[in-house]
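Dear colleague,

Please find the structure below, for your study. The findings follow directly after it.

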Amino acid sequence: MVLRMLLEILRIIFIFAILGVILSGLLNAIYTKFEVGTYSWLGGVAILLLLFVLYRNKLQFSGWYKGEGRKKLPNSVTYVIATVSVFMIVSPFIVG
């Protein structure tokens with residue numbers, strides 16, 4: 001059980017690192033193209049929030065850990081986090 005939990009933690013770290021780097025690079029390329037740099041860190045936070053929603057709603061059910069406490073986020077929470085993330089991605093264009 002402990003080994004499965006450790007493997008799942010490593011899986012989470014790799015998912016967040018690999019997808020985070022890819023999506024951040026893409027978003028930074030878009031921000032650079034449109035010369036938006038002042039609040040571009042908001043895009044990084046938004047990517048982390050979206051990855052959290054993706055993991056909690058889909059990826060946690062395909063991993064090694066099969067213990068208790070694996071639940072999807074409520075639809076209202078998913079909607080709020082996704083909406084806030086999209087706003088955070090777009091806000092550097094509005095502010096900067």
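The lining of the largest pocket takes at least two residues from each of H1 and H2. Helices here are DSSP runs of H or I with at least four residues, numbered from the N terminus. A pocket is defined on a 1 Å grid over the protein atoms alone, as an open set of points where a 1.4 Å probe fits, with protein on both sides within 12 Å along at least five of seven lines; lining residues have an atom within 4 Å of a point.

This is a predicted model, in which local features need pLDDT of at least 70 and side-chain atom pairs count only at pLDDT 80 or more, while totals for chains, interfaces and linings use all residues. Residues are numbered from 1 along each chain as its sequence is written, and side-chain values use heavy atoms, without hydrogens and water.

The volume of the largest pocket is about 160 Å³, counted as the space filled by probe spheres set on the grid points, which are joined across faces, edges and corners. Among its lining residues are Glu-8, Phe-16, Phe-52, Tyr-65 and Arg-70. Five lining residues are nonpolar, two polar and three charged; Ala, Val, Leu, Ile, Met, Phe, Trp, Tyr, Cys and Pro count as nonpolar, Asp, Glu, Lys and Arg as charged, and the others, Gly among them, as polar.

Helix H1 covers residues 2-33. Buried residues of H1 include Glu-8, Ile-15 and Tyr-31, where buried means under 20% relative accessible area, exposed over 50% and partly exposed in between (1.4 Å probe, protein chains only). The buried residues of H1 pack against H2 and H3.

Ser-91 belongs to helix H3. Is Ser-91 buried or exposed? Ser-91 counts as buried because its relative accessible area is 7%. Beyond its neighbours within four places in sequence, Ser-91 is in contact (heavy atoms within 4.5 Å) with Leu-42 and Gly-96.

Lys-66 sits in the loop between helix H2 (41-57) and helix H3 (75-95). With a relative accessible area of 48%, Lys-66 is partly exposed. Lys-66 and Arg-4 are 62 residues apart in sequence, yet their C-alpha atoms are 8.2 Å apart in space.

Yours sincerely

Terms used
The expected span of a helix is 1.5 Å times one less than its number of residues.
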